[in-house]
Amino acid sequence: MTSVSVRDLTLKFGSLEVLRTLNLDISEGEFLVLLGPSGCGKSTLLNCIAGLLDISDGQIFISGKNVTWEEPKDRGIGMVFQSYALYPQMTVEKNLSFGLQIAGVPKDEIARRIARASEILQIQPLLKRKPSQLSGGQRQRVAIGRALVRDVDVFLFDEPLSNLDAKLRAELRVELKRLHQNLKNTMIYVTHDQIEALTLADRIAVMKGGIIQQLDEPLTIYNRPVNLFVAGFIGSPS
Ligand code: ADP
Ligand code: MG
């Protein structure tokens with residue numbers, strides 16, 4: 001079954017056409033990576049799916065429902081950005097529960113979800129701390145936790161590891177992979193890092209200039225790139 005479907009999506013900023021009649025179907029439970037150089041439109045595509053941008057033309061379906069005109073909060077998605085954007089004055093626990101309280105989720109349900117997310121992400125010992133008392137990797141785990149507690153089927157990640165050092169990136173890569181194997185939810189993951197794409201993805205969509213150049217399994221992209229751009233991008237060191 002299709003989880004996310006993007007139909008003939010066009011997005012313009014003024015006269016600049018950033019995405020051009022883009023089509024993309026993502027299966028339920030798939031880990032899809034959007035890979036491409038800076039400025040190619042990855043974040044723009046993700047933000048369109050999230051409902052953070054008004055699209056110029058086209059439609060977006062999530063779990064079979066046309067959400068093109070739905071508010072972000074009604075789309076059944078959780079999002080994790082490059083910067084952690086945690087509330088500095090709140091404890092980790094409060095950072096996790098805050099959005100759920102506003103949404104009117106019952107207290108015992110909130111407690112259940114926080115317990116589950118903090119077990120998966122191994123952040124139980126951190127719940128009473130403030131963000132300033134956490135390392136970069138711990139903060140990013142909490143940011144992922146905040147998406148997890150929303151209990152949604154589709155997660156959107158925009159370069160969530162790019163602010164971390166190489167060692168932490170490698171560590172969290174393994175955790176993200178494990179997380180996906182446990183949850184079996186749909187992941188759309190933006191990165192410009194080939195290693196991240198090749199290790200995490202079920203399929204990779206390689207983008208250039210707002211157009212998907214190739215959409216295939218990592219090994220196919222690696223072994224049989226469809227053009228010189230894809231070959232050069234996958235082959236070049238990050
Ligand atoms: P990526 O995430 O792949 O680095 P983006 O989706 O952020 O690329 O940007 C794609 C293009 O759209 C770039 O040329 C960028 O300068 C432009 N762009 C992004 N956001 C805006 C905006 N809010 N207003 C105008 N142009 C934008
Ligand atoms: Mg971006």
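I started at Ile-49. Beyond its neighbours within four places in sequence, Ile-49 is in contact with Val-4, Val-6, Ile-60, Leu-156 and Ile-188. I keep in mind that this is a predicted model.

**Entry: the core.** Next I looked up the largest nonpolar core. The core has 62 residues. Ile-49 is listed among those that touch the most other members, along with Leu-32, Val-33, Leu-34, Leu-156, Ile-188 and Tyr-189.

**Entry: helix 1.** Helix 1 covers residues 42-50. Is helix 1 largely enclosed or largely open? It is largely enclosed by the rest of the structure, because eight of its nine residues are buried. I wrote down the buried ones: Lys-42, Ser-43, Thr-44, Leu-45, Leu-46, Cys-48, Ile-49 and Ala-50. After helix 1 comes Gly-51, and its phi is positive, near 90 degrees.

**Entry: ligand 1.** I asked which residues lie around ligand 1. I found Phe-13, Leu-16, Val-18, Gly-36, Ser-38, Gly-39, Cys-40, Gly-41, Lys-42, Ser-43 and Thr-44. Two elements give two or more residues to this shell: strand 2 (16-27) and helix 1 (42-50). Helix 1 gives the largest share, three residues. I also sorted the shell by class. Four residues are nonpolar, six are polar and one is charged.

**Entry: Val-154.** I moved on to strand 7, residues 154-158, where Val-154 is found. Is Val-154 buried or exposed? I counted C-beta neighbours inside 10 Å and got 21. The cut-off for buried is 20 or more, so Val-154 counts as buried. Setting aside residues up to four places away in sequence, Val-154 touches Ser-3, Val-4, Ile-62, Gly-76, Ile-77, Asn-185 and Thr-186. Val-154 and Asn-185 stand 31 residues apart in sequence, but their C-alpha atoms are 6.1 Å apart in space.

Entry: Last, I looked at strand 9 (residues 203-208) and strand 10 (residues 211-216). How do these two strands run, parallel or antiparallel? They run antiparallel, and five bridges join them. One bridge pairs Met-207 with Ile-212 of strand 10. The two strands form a hairpin with two residues between them. Gly-209 sits in the turn, with a positive phi of about 50 degrees.

Technical notes. Residues are numbered from 1 along each chain as its sequence is written. Chains are lettered from A and ligands numbered from 1 in the order in which they are written. This is a predicted model: local features need pLDDT of at least 70, side-chain atom pairs count only at pLDDT 80 or more; totals for chains, interfaces and linings use all residues. Two strands pair if DSSP finds at least two bridges between them. Helices (H or I, at least four residues) and strands (E, at least two) are DSSP runs, numbered from the N terminus. A residue is buried if 20 or more other C-beta atoms lie within 10 Å of its own, exposed if 12 or fewer, and partly exposed in between; C-beta atoms are placed from the backbone. Two residues are in contact if their C-beta atoms, placed from the backbone, lie within 7 Å. A residue is near a molecule or strand if its C-beta atom, placed from the backbone, lies within 6 Å of it. Ala, Val, Leu, Ile, Met, Phe, Trp, Tyr, Cys and Pro count as nonpolar, Asp, Glu, Lys and Arg as charged, and the others, Gly among them, as polar. A nonpolar core is a set of buried Ala, Val, Leu, Ile, Met, Phe, Trp, Tyr and Cys residues joined through C-beta atoms within 7 Å.
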